[in-house]
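Dear colleague,

Please find the structure below, handed over for your records. My notes on what was found in it follow.

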Amino acid sequence: MQKTRIKLAIGVFAALSSSVALAQTSDKPVKIGIATAIQLDRGKDTVSAAQMAADEINAAGGLAGRKIELVVADEGKTTNEGVGAINKLISEKVDVVVGGYNSGITLAQLPHLSRAKTIYLGVGASAPAIQDMVEKNYAAYKYIFRVNPLSSIDISKSIGDFIVGKVYGERGFKKVAIVAENAKWARDMIEPAAEIAKAAGVEIVFEEYFDPATPDFAPLFSKVAKSGAQYMIPMLAATPSDLFVKQWYDMAVPVEMGGVDTGSLDADFFQRIGGKSLSETAINYITRAPLTAKTIPWWDEFVSRFGREPQFTAPGAYDAVHVYADAVKRAGSFASDAVVSALENTRHTGVRGTITFDKRHDLVAGPGLVNALWIQWQEGGRRVVIWPKDLATGPMISAPWLKKP
Amino acid sequence: MAEILLYGAASSASYALMAVGFTLVFGVARVLNLAHGAFYACGAYAMYGFCAAFGAAPAIAVLAAIAVLAAVGAIVNRFFVEPLRARPMAVLMSTLALSIVAEQTLLITFGSQSRNIPLILDGPVSLLGVRIGAQGLLLIAVAIVVIGALWLFLHKAKLGKAIYATSQDPVGAQLVGIRTSTVFAVVFAVSAAMAALSAAIVGPMQTVSPEMGLMPMIKAFSVVIVGGLGSIGGSIAAALLLGYSETIVSYLVSTEWAQIVSLVAVFVTLVVRPSGLFGK
């Protein structure tokens with residue numbers, strides 16, 4: 001009887017301790033660190049969207065009774081600035097870091113996050129090398145997750161699928177040109193995609209890599225036109241997209257265009273270049289389309305609150321805060337290791353699709369999950385999803401100087 | 001071949017407009033103005049401002065941007081160059097600092113996102129069977145007219161002759177009654193105006209952003225080194241040489257290698273003929 005009473009007392013004490021652990025710091029806010037380039041629109045939108053999610057959670061009583069507070073650090077445009085931002089957030093003792101927009105900067109930040117055992121939810125960098133770190137050294141890098149965008153391996157598959165399914169399958173364009181900036185990321189992404197296309201019978205009639213500092217693309221476009229290509233796949237990140245797309249339009253290059261163009265991800269891209277991206281298609285992750293039940297209400301709320309359309313980092317940041325909150329609730333703890341275990345079992349329907357992570361802590365792509373969207377600029381700057389087929393919101397159009405399909 | 005002829009002429013024209021203004025300052029005032037790229041960027045933003053804020057027609061906005069930058073050039077000379085003229089290294093640092101300040105000011109004022117300025121001539125044109133933007137043809141025509149006019153001005157007009165005399169011998173020019181301080185101010189104003197003109201025509205074909213002055217500045221420097229510091233004729237020849245070389249490499253080899261051409265040209269010039277093609 002005495003032993004039973006002792007066991008009962010220990011059990012009650014343990015149960016109380018557990019709830020006290022979550023509650024005892026309820027006066028302190030949960031600190032979510034945001035590391036991003038705050039001068040860039042994609043950085044501003046990371047902050048705005050994370051704030052949206054934090055406000056929603058706070059309005060519903062907070063996370064385990066604690067208010068969420070954002071701590072923003074500018075990771076600038078260099079690895080030095082990026083590492084400085086992470087160290088600032090670590091010194092502020094944030095519970096989690098959400099952010100990133102550049103793979104090089106993110107890779108430089110990872111060892112610092114790992115040493116501090118701080119959970120990192122990436123929302124803007126796509127290099128597979130980031131998640132390679134988790135695979136190679138799980139114990140040290142298990143804190144690193146990619147919530148957004150898809151990895152470049154998935155993007156590469158999506159490019160191949162687009163060429164085969166849409167460009168060749170639906171439009172009947174068998175001759176394709178590849179023009180990519182001379183960078184490892186571009187080659188890593190386009191070469192496997194080209195193999196997928198070739199295997200399906202597509203002819204790659206022109207392939208050239210160029211210096212991103214090229215100020216004049218007239219000779220390149222002239223060669224593409226002469227190659228007989230019917231569709232051109234550009235791969236642009238460091239290249240000023242404005243310049244590339246404007247010159248394509250001003251020369252009325254007789255070849256349609258769609259591919260990877262980070263400039264085209266900007267919500268104001270169409271307006272910024274005087275509507276000259278009309279008919280350009282670019283891979284993207286978000287637009288005002290019914291991807292999930294949350295997408296359109298979230299989009300409208302973002303536009304209403306901030307007065308601008310969100311960049312691709314915004315849905316990632318918004319979902320990342322909710323994914324973290326869900327994981328904390330399921331873990332019953334804020335301890336990093338416990339939250340990591342909960343994150344590994346995530347299945348969260350966000351604004352872009354259902355978020356789950358693989359063993360590398362990478363976002364999983366596929367039907368019903370998160371997908372790369374092929375979005376075309378159409379009249380008035382409307383963005384229309386033209387691929388994948390099941391998510392399409394409208395038909396594909398041709399450039400004004402080319403015949404309609 | 002027609003492609004190389006036209007695209008090469010457009011590249012050469014943009015290089016020549018930038019380089020002639022840059023070399024004019026060195027040839028007359030004997031200073032290296034590292035703010036020349038900033039003049040280019042400010043010219044583009046001035047045009048953007050006149051178009052976006054006042055709704056000015058592109059052709060009017062170009063003229064307004066040229067006028068504003070001419071005034072800016074004279075002011076820069078008066079406050080940042082003239083007091084330091086005896087110390088060329090100080091002028092170098094002063095104009096470099098000024099270019100950094102200008103870039104940061106544009107960044108803070110307009111943000112890092114690029115801006116669009118409208119074309120003066122819209123639409124593609126087919127010439128000699130080559131598809132080229134009409135603005136590209138305008139660029140070629142403007143470069144020929146403006147550089148030709150400058151040449152005539154320097155050799156026929158009274159003020160032009162004063163500039164020419166000052167470039168030959170500033171002390172001698174002063175002795176015959178030429179106000180060299182006025183000459184230097186005019187030269188800076190003309191140089192900045194040419195940078196603004198180049199930006200106002202090239203900017204709409206490319207992109208307008210705070211750091212946009214750097215590459216044209218590097219190209220102008222390359223052209224001037226190859227052509228010979230201070231030589232307008234040399235700059236024109238070097239602009240044609242680099243413009244056509246880059247286009248030929250782009251067209252016949254790969255766009256990947258085109259940007260290396262100017263660096264190779266500078267290296268070869270410095271090794272073989274350090275004074276440049278037309279330098280003394």
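**Findings**

Helix α5 (residues 128-136) of chain A lies across β4 and β5 of chain A and runs at about 140° to β5(A). Helices (H or I, at least four residues) and strands (E, at least two) are DSSP runs, numbered from the N terminus; axes are lines fitted to C-alpha atoms, for helices over the stretch in contact, with angles from 0 to 180 degrees between N-to-C directions. Contact between two residues requires C-beta atoms, placed from the backbone, within 7 Å.

This is a predicted model, in which local features need pLDDT of at least 70 and side-chain atom pairs count only at pLDDT 80 or more, while totals for chains, interfaces and linings use all residues. Residues are numbered from 1 along each chain as its sequence is written, and chains are lettered from A and ligands numbered from 1 in the order in which they are written.

Strand β4 (residues 119-122) of chain A pairs with β5(A) in the parallel sense over three bridges, where pairing requires at least two DSSP bridges between two strands. A:Y120 has A:I144 in β5(A) as its bridge partner. Both strands belong to an open, parallel-paired sheet of five strands in chain A, ordered β2-β1-β3-β4-β5. β2 (68-74) and β5 (144-146) of chain A are at the edges with a single partner strand each, so one side of each has no neighbour in the sheet.

Between the chains, the contact takes 28 residues from chain A and 25 residues from chain B. On chain A, β7 (203-210), α9 (218-227) and α10 (241-250) each supply at least two residues of the side that touches chain B.

Yours sincerely
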